[in-house]
Amino acid sequence: MANPSGSVSGKGPITHVIFDMDGLLLDTEKYYTEVQEIILARYNKSFDWSLKAKMMGKKAIEAARVFVEETGISDSLTAEDFLVEREAMLQKLFPSSEIMPGASRLIRHLHAKGIPICLATGSHRRHFELKTQRHGELFSLMHHVVLGDDPDVKQGKPSPDIFLAAAKRFEGGSVDPHKILVFEDAPSGVNAAKNAGMSVVMVPDPRLDSSFHDAADQVLSSLLDFSPNDWGLPPYEVPAS
Ligand SMILES: O=P(O)(O)OC[C@H](O)CO
Ligand SMILES: [Mg+2]
């Protein structure tokens, strides 16, 4: 369970790490929010964080169904048409994606220490390429990448599919889930990691209701606050600047 002090008892040792992408490594959730606000305004409705919490982390079509059903606009706009409509706007925004604070330092540290790391994102290939086009060198440090349109990902988060697929693709084959630490920002992602039997550090947006924190093993305000030795991982040699 989450511990407000940030310390983690009885966890680890961790040997492998899986990173979520949107809202965790990249500041891209704001783009989805912006576009969804624009679309809902047309129906005189507003987008709020209780709806955001239900959509974030999911595969595009799964999130789209939640969007049109929860807002009551499904008679006017199908999930498929919603995806078509938001696509042009997202394609303009994604190439500007920025790295979240602390993400580069943590990825580079774990890679330098020989800890196998990978990415597991609900994003499909086309969006992944747009979002990471300015960050290729950093993402190349991932041993592998599992995307939302991967054939092994039958169902999006909170299904464990994506994290189990990611665990299988490390060097030497399937890694014991108990030795894997997942970093996530979304309620669906935290639940997917727990459903896969893994430990999870949540770095939620401050606007997300704190009741969603309870499922995580550790909750941090920023990746800058992560202390690798809490999890039996090699410590940073110099404090964050
Ligand atoms: O948070 P991610 O990286 O799994 O991405 C999921 C969607 O693309 C955005 O919520
Ligand atoms: Mg995310």
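**Helix faces, core and domains of a predicted model**

In helix α5, the exposed residues Arg108 and Ala112 sit on the face turned away from the buried side. Here a residue is exposed if 12 or fewer other C-beta atoms, placed from the backbone, lie within 10 Å of its own, buried if 20 or more do, and partly exposed in between. Helices (H or I, at least four residues) and strands (E, at least two) are DSSP runs, numbered from the N terminus. This is a predicted model, in which local features need pLDDT of at least 70, side-chain atom pairs count only at pLDDT 80 or more, and totals for chains, interfaces and linings use all residues. Residues are numbered from 1 along each chain as its sequence is written, while chains are lettered from A and ligands numbered from 1 in the order in which they are written.

The pLDDT, the predictor's confidence in each residue from 0 to 100, averages 94 over the protein chain, and 94% of the residues score at least 70. Residues 1-7 have a pLDDT below 50; beyond near neighbours in sequence, this stretch has 13 contacts in the model. A contact means that the C-beta atoms of two residues, placed from the backbone, lie within 7 Å. Where pLDDT is low, the predicted coordinates should not be read in detail.

On the buried side of α5 (residues 103-112) are Ala103, Leu106, Ile107 and Leu110. They line one face of the helix, because they fall within an arc of 95° seen down its axis; the arc is that of the directions from the helix axis to the C-beta atoms. Their cover includes β1 (16-19), β2 (117-120) and α7 (136-139). Just after α5, Gly114 has a positive phi of about 80°.

The protein chain is divided into domain 1 (16-27 + 98-231) and domain 2 (29-96), with bounds from an automatic or database domain assignment. Their centres, taken over C-alpha atoms, are separated by 23 Å. The contact takes 21 residues from domain 1 and 13 residues from domain 2.

The largest nonpolar core has 53 residues, and Ile18, Phe19, Val146, Phe163, Ala166 and Val182 have the most contacts inside it. Such a core is a set of buried Ala, Val, Leu, Ile, Met, Phe, Trp, Tyr and Cys residues joined through C-beta atoms within 7 Å. Its largest share, 6 residues, comes from helix α8 (residues 161-168). At least three residues of this core come from each of domain 1 and domain 2. Leaving aside neighbours within four places in sequence, Ala166 contacts Ile18, Cys118, Ala120 and Val146.
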